[in-house]
Amino acid sequence: MTFNFNAPVGQVIAGDQTVTGDNIGTQNNYYGIDDPNTQELANELVEILQGIVPQISDPTSEAGKEIITAAAMEEIEKKPTLKDRLVAAFKAGAFEAIKKIAKNDFVEVFLTAFKAGLEAKPKK
């Protein structure tokens with residue numbers, strides 16, 4: 001079997017190949033704790049959970065955590081923009097920032113369940 005390439009493949013450069021200078025123009029895209037959208041999202045989650053948690057007899061039990069997560073998901077389903085923002089935050093890797101901002105154990109429980117639910121959904 002013979003291969004004939006009639007176009008140049010790659011580039012041949014002769015001479016000194018030193019690269020000097022500063023790394024100018026580097027762009028970093030990430031969600032951080034200083035991001036106002038992340039702060040707002042964390043505040044909304046805390047607000048939702050503060051309305052749910054007091055109604056559960058033992059919120060720290062596994063059953064209590066499941067009830068809290070299910071109730072929080074029901075509330076979020078009523079707010080499609082909030083759900084879309086949570087999905088975007090998951091894709092951007094902002095869940096850790098939300099957990100740190102919220103400083104609420106139940107936010108972490110909810111986000112873990114939410115993340116698992118997103119990962120379990122079949123890709124379209």
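Lys103 is exposed, with a relative accessible area of 74%; exposed denotes over 50% relative accessible area, buried under 20% and partly exposed the range in between (1.4 Å probe, protein chains only). Lys103 lies in the loop between α4 and α5. Although Lys103 is not a glycine, its phi is positive, at about 50 degrees. Most residues other than glycine have a negative phi.

The structure is a predicted model, in which local features need pLDDT of at least 70 and side-chain atom pairs count only at pLDDT 80 or more, while totals for chains, interfaces and linings use all residues. Residues are numbered from 1 along each chain as its sequence is written, and side-chain values use heavy atoms, with hydrogens and water left out.

**Overall composition and confidence**

The protein has 5 helices and 0 strands, in the order α-α-α-α-α from the N terminus. Helices (H or I, at least four residues) and strands (E, at least two) are DSSP runs, numbered from the N terminus. Of the 124 residues, 28% count as buried. Among contacts with a separation of 6 or more, 66% join residues 24 or more positions apart; a contact means heavy atoms within 4.5 Å.

The average pLDDT, the predictor's confidence in each residue on a scale from 0 to 100, is 79, and 69% of the residues score at least 70. Over residues 27-31 the pLDDT is below 50, and this stretch has 3 contacts in the model beyond near neighbours in sequence.

**Packing of α2 against α5**

Helix α2 (residues 62-77) packs with α5 at an angle of about 70 degrees, and their axes are 10 Å apart. The axes are lines fitted to C-alpha atoms, for helices over the stretch in contact, and the angles run from 0 to 180 degrees between N-to-C directions. The arrangement of α2 and α5 is therefore roughly perpendicular, a class that covers 65 to 115 degrees, whereas under 35 is roughly parallel, over 145 roughly antiparallel and the rest oblique.

On the α2 side, Lys65, Ile68, Thr69, Ala72, Met73 and Ile76 meet Phe106, Val109, Phe110, Ala113 and Phe114 of α5. By class, this contact has 9 nonpolar, 1 polar and 1 charged residues; Ala, Val, Leu, Ile, Met, Phe, Trp, Tyr, Cys and Pro count as nonpolar, Asp, Glu, Lys and Arg as charged, and the others, Gly among them, as polar.

Ala113, in helix α5, is partly exposed at 31% relative accessibility. Ala113 and Ala70 are 43 residues apart in sequence, with a C-alpha to C-alpha distance of 9.3 Å.

The whole structure contains 3 aromatic pairs. Two of them are tabulated below.

| Pair | Centre to centre | Angle between planes | Class |
|---|---|---|---|
| Phe90 and Phe95 | 5.6 Å | 50 degrees | tilted |
| Phe95 and Phe114 | 6.3 Å | 50 degrees | tilted |

Rings of Phe, Tyr and Trp (its six-membered ring) pair if their centres lie within 6.5 Å; planes under 30 degrees apart count as stacked, over 60 as edge-to-face and the rest as tilted.

Phe90 is partly exposed at 23% relative accessibility, whereas Phe95 is buried, with a relative accessible area of 7%. Phe114 is likewise buried.
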